[in-house]
Amino acid sequence: MPTAADITRMTYKGAEQLRSEQRPGGDPSKLDFGIVPTCYNCDIPIMGRKPLICSGCRSAVFCSKNCHTANWKAGRFGAQGHKFFCAKNKVHMEKVPQVQALLKQFPWGRIETDGTFAEPIVRAYHNVLGAEGFGYWSIPGGSNPHLQQPSNTSGPSGALRVDDTKGFEHGYMLLSNKLLTDETGWKLEKRLIPRLVFELGTEPELASNVDIVDWDSWYKWRNIPKESPAALLLHYPLTVYQLLVNVLQVAGPKRSSSESRQALNVHYIGAEVELNMLPLFSELALLLPHTDIKMTFFGIAVHSIVSKAKKNSIAMKAKQNEPVYTYTSPASCGASTLSLFLHGDHENWDPRLPLLLGSKPDAIVGLNAGLTSYPAWQFVILCCHTDNTPFAVSEYAEQSAELQRDAIPQIIAHALPRLHSAGMIGPEIYNLTRPREYPIAFNPFQRPGQRNLGSVRLPNVPNGFTMRVVGGDEQEIIHPVSAGVPVPVPDMSELLQKTEQFSLNRLD
């Protein structure tokens with residue numbers, strides 16, 4: 001079984017091959033950095049033969065007709081069979097050209113023969129692929145996208161699994177006493193770096209004077225060439241921008257002014273790799289003029305790194321309820337401020353915690369969330385519905401987002417009897433059960449390029465799609481209530497009867 005270090009060495013060799021073929025007389029198109037396909041049914045790598053692609057959806061990959069037939073009515077581990085997903089997959093596959101067009105605008109945006117994007121090759125090409133010592137680019141290097149794996153994964157697997165680099169921990173740089181600079185964090189040529197410290201006259205234009213709606217407009221605004229791989233990291237802060245401005249509409253570049261500043265309190269749940277690049281969230285201060293942003297990070301990785309904090313380390317500031325990072329944008333950009341906090345006392349977000357009492361956030365965000373894959377999200381969903389706290393997430397795939405959307409009523413119904421017996425009253429029940437929309441949209445600030453998944457070819461991209469879970473009152477379906485008339489309380493007996501129609505066997 002190869003290690004993360006083995007895979008890294010192989011990737012650097014591949015990047016050197018690419019560099020060689022880009023020289024005069026070379027032919028980069030003859031290289032293929034696609035991955036070994038795996039069967040959608042048995043999860044076994046398909047080697048030495050051509051994989052079979054479902055003719056209906058052109059998405060699912062199978063090793064044989066037998067596996068295709070076996071998976072048609074019933075999937076693995078009790079999941080729905082491919083028959084349930086095939087027609088939906090065909091619709092989702094219509095987004096493939098859009099995902100590929102977003103990638104192809106970049107000189108480094110290669111699409112492999114299997115439709116994937118070999119992002120590690122681009123990192124290695126710029127000598128920024130690795131674990132500790134690679135600044136903002138530091139990653140554990142394994143095949144697991146998250147620290148804690150989804151609760152609904154079980155059973156054997158034949159697909160290649162690579163463990164993370166031993167001893168690597170997200171946010172390890174916070175255990176030191178020195179923040180990274182533009183140069184030590186990005187580790188790129190100066191012309192490729194979207195700087196945060198500017199020489200006089202080199203600042204970007206005031207964001208309220210520019211329409212920044214996608215990567216093309218952002219690169220032009222920041223005056224850096226698309227040769228820069230900055231989008232491979234900045235999809236994190238720019239997706240937060242997309243959630244706050246266009247999905248939840250709690251902030252905007254034209255909302256504030258020097259005479260009327262906005263204070264914005266954001267809770268960011270589930271941060272992991274983001275802890276290695278905290279200064280990059282300063283982009284929010286440049287994008288939102290005249291705004292004072294407080295952002296607090298929550299999650300298992302946050303709790304872990306804060307628990308290891310030692311005297312004089314950056315992480316120790318979290319134990320003292322101080323920001324671990326601050327930034328002020330240039331006066332010409334609106335003099336916005338950003339203060340980043342780490343909530344390390346607990347692994348999960350809970351508004352009942354003493355530090356959070358009386359400090360309701362203006363918005364809650366979660367990136368690549370997997371709302372129904374991790375049980376801790378269910379409490380967040382219930383609290384945000386009950387309190388009408390704006391909450392939005394990104395998901396890798398449109399299909400995943402639709403599954404999350406369809407599961408939310410089940411989560412609510414499953415919890416309703418318990419909440420009722422605990423004394424939840426009229427207005428809270430009304431907020432929890434009133435009709436809501438959960439709109440899903442293509443994220444123009446997704447990380448460029450299809451993920452390297454071997455068994456499906458659906459558009460699947462880090463921060464690929466956004467979903468509003470709870471919006472402001474003006475975004476939700478509102479039942480008008482006359483002044484002085486109490487909010488109508490749903491009939492509890494009817495609601496409790498409806499809960500019997502739902503099953504959470506695939507969610508718990």
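1. Basis. This is a predicted model, where local features need pLDDT of at least 70, side-chain atom pairs count only at pLDDT 80 or more, and totals for chains, interfaces and linings use all residues. Numbering starts from 1 along each chain as its sequence is written, and side-chain values use heavy atoms, without hydrogens and water.

2. H12 with H13. Helices are DSSP runs (H or I, at least four residues), numbered from the N terminus. The axes of H12 (residues 376-387) and H13 (residues 398-421) come within 10 Å and cross at roughly 80°. Axes are lines fitted to C-alpha atoms over the stretch in contact, and angles run from 0 to 180 degrees between N-to-C directions. H12 and H13 are therefore roughly perpendicular (65 to 115 degrees). Gln 378, Ile 381, Leu 382 and His 385 of H12 meet Ile 408, Ile 411, Ile 412, Ala 415 and Arg 418 of H13; contact means heavy atoms within 4.5 Å. These residues divide into six nonpolar, two polar and one charged. Ala, Val, Leu, Ile, Met, Phe, Trp, Tyr, Cys and Pro count as nonpolar, Asp, Glu, Lys and Arg as charged, and the others as polar.

3. H3 with H13. H3 (residues 82-92) also has its axis within 10 Å of that of H13, crossing at roughly 125°. The pair is therefore oblique. Phe 85, Asn 89 and His 92 of H3 contact Glu 398, Gln 399, Glu 402 and Leu 403 of H13.

4. Largest cavity. A cavity is a set of points on a 1 Å grid where a 1.4 Å probe fits but cannot get out; lining residues have an atom within 4 Å of a point. The largest has a volume of about 110 Å³. Of its 14 lining residues, Met 173, Leu 174, Leu 179, Leu 275 and Pro 279 are closest to the centre. The lining divides into 12 nonpolar, one polar and one charged.

5. Annotation. An unreviewed UniProt entry gives "domain: MYND-type" for residues 39-86. The end C-alpha atoms of this span lie 15 Å apart.

Definitions and conventions
Helices (H or I, at least four residues) and strands (E, at least two) are DSSP runs, numbered from the N terminus. Angles under 35 degrees count as roughly parallel, over 145 as roughly antiparallel, 65 to 115 as roughly perpendicular and the rest as oblique. On a 1 Å grid over the protein atoms alone, a cavity is a set of points where a 1.4 Å probe fits but cannot get out, and a pocket is an open set with protein on both sides within 12 Å along at least five of seven lines; lining residues have an atom within 4 Å of a point. Grid points are joined across faces, edges and corners, and a volume is the space filled by probe spheres set on the points. UniProt positions are given in the numbering used here, feature names are shortened, and annotations may be inferred rather than shown by experiment.
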